[in-house]
Amino acid sequence: MGTTTPTARTARRTFAMMGGSTAADCAVALGYAATRSRLVSGPAIPRFEADFAARIGVRHGVSFAAARVGFYGLLGALDVAPGDEVLIQAPTHAVVVNAIRYRGAVPVFVDCEPRTCNIDLDAAERLLGPRSRVLVVQHTFGVPADLDRALALAERHGLVVLEDCVHSLGSTFRGRPIGSFGRAAFFSSEETKTISTTQGGMVVTDDDDLAGALRRFQRRDCVWVPPAVTRRYLVKFAAYWALTQPDANRVAQFLFDRMGRRNPFPRPADDDERRGRRPPSYERRLSNAQARLGVRALRRLDANVGHRRRIAAIYADRLPLGGGLGPGDARMNPSYVRYPVVVRDRAEALAALGPHVTGDTWFDQTVQGAESVDLFGYPPWSCPCAEYLAGHLVDLPTHLRVLPRDAEYLADLVAPLVVPAEPPHD
Ligand SMILES: Cc1ncc(COP(=O)(O)O)c(C=O)c1O
């Protein structure tokens with residue numbers, strides 16, 4: 001570890017979490033917003049689906065308005081019936097739990113491992129029962145889970161593995177892209193993920209029958225987002241890019257906070273979803289204009305992920321105790337959508353980072369985004385490690401706007417508060 005003397009400019013910079021969008025992407029987004037042609041449906045959708053599948057190294061990609069819709073579609077395509085059990089890790093996001101509950105299936109919460117924040121497979125095995133059907137393997141923060149063990153466990157017990165790759169576009173396991181291991185995988189291009197289409201989801205699979213069933217779900221059951229809403233996503237795309245410039249973000253964030261819920265932009269999850277209720281027109285497709293932004297972002301994915309890895313390496317090098325959460329071993333090459341750090345006192349760490357990092361912390365609850373975890377069937381105290389991490393994590397940004405000297409500066413702010421990821425034993 002060295003020491004940095006921050007320039008005044010470094011000390012003034014503020015980062016939102018974001019994908020790797022550019023000014024040229026914003027021009028494309030606004031161009032679509034100003035037209036009627038090919039705004040909602042059009043040829044960029046099959047293109048984005050094909051490019052995405054090729055990137056993961058599988059045959060099929062099927063797009064949706066959000067990852068949660070793709071996951072919900074997958075559960076239907078797999079004939080997951082009411083009462084069937086779907087094993088998911090804590091912490092996870094409320095919308096993942098909702099997709100299971102909207103099908104009438106039962107989410108079974110499995111604790112995570114302290115060093116990776118990924119599913120504890122021994123705990124998963126202990127929780128299996130006669131109705132267990134699906135094992136969701138979430139690659140949290142872009143750190144790959146142990147897929148060798150997960151696939152072996154699933155094989156032994158006849159479970160379907162679905163990969164939650166919402167954080168992990170660009171990660172690899174044994175040199176192979178994450179998302180190509182399970183029966184299927186779902187990804188997100190919500191604005192704070194590795195690539196952004198403001199909101200968006202993609203399911204990938206090599207299974208022709210499953211892809212056929214998903215395609216039917218997409219075409220028959222999912223509605224197009226109305227043009228006016230699509231335009232709001234596109235305007236938000238450009239506004240988010242402009243207002244989160246590190247040198248302007250602090251002022252923008254202040255104004256945004258003042259506006260509160262009156263801000264005109266669509267939100268990633270609505271109040272119904274936060275309460276575990278199903279929102280109206282949940283089953284929705286991705287628009288052509290957003291797919292076009294996705295095609296553009298995928299072309300730059302290697303540079304995007306390469307940058308995130310370099311910034312994560314600076315954090316790991318500069319922080320004590322080997323840095324934040326990370327891969328279990330060399331089979332795993334994370335893409336780090338954010339860099340998770342375990343701290344002694346989150347309030348203190350957030351106060352130190354506050355002027356420099358804006359946005360939600362992942363994860364500050366076992367069911368992220370829930371108005372109350374009780375509404376999601378999470379049994380209190382059932383996942384002690386997840387509860388510990390949910391009380392002690394802060395996230396550092398890794399995206400293209402974060403320069404090496406910014407990373408050094410941010411690391412130095414939290415370094416005195418870093419503690420081991422292990423929950424204390426009494
Ligand atoms: C682990 C995880 N899975 C799934 C989702 C849902 O993704 P989407 O917003 O595209 O539905 C999220 C959202 O942040 C998430 O954190």
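Me: What makes T198 count as buried?
Reply: T198 has 27 C-beta neighbours inside 10 Å, so it counts as buried. The cut-off is 20 or more other C-beta atoms within 10 Å of its own, with 12 or fewer called exposed, anything in between partly exposed, and C-beta atoms placed from the backbone. Mind you, this is a predicted model: local features need pLDDT of at least 70, side-chain atom pairs count only at pLDDT 80 or more, and totals for chains, interfaces and linings use all residues. Numbering starts from 1 along each chain as its sequence is written.

Me: Where is T198, and what is its phi?
Reply: T198 sits in the loop between strand 9 (184–188) and strand 10 (201–205); helices (H or I, at least four residues) and strands (E, at least two) are DSSP runs, numbered from the N terminus. Its phi is near 70°, a positive value in a residue other than glycine.

Me: How do you know whether C117 is buried or exposed?
Reply: C117 has 30 C-beta neighbours inside 10 Å, so it counts as buried. C117 is in the loop between strand 4 (106–110) and helix 6 (121–126), and its phi is positive too, about 60°, although it isn't a glycine.

Me: Which peptide bond at P91 is cis, and what is its omega?
Reply: The one joining A90 and P91, with omega about -5°. P91 lies in the loop between strand 2 (85–89) and strand 3.

Me: What about the bond from W362 to F363, cis or trans?
Reply: Cis, with omega near -10°. F363 is in the loop between helix 14 (346–353) and strand 13 (367–368).

Me: How does the reach of helix 13 compare with what is expected?
Reply: Helix 13 (residues 301–318) has 18 residues and reaches 26 Å from its first C-alpha to its last, close to the 26 Å expected. The expected span is 1.5 Å times one less than the number of residues. Its buried residues include V305, I311 and Y315.
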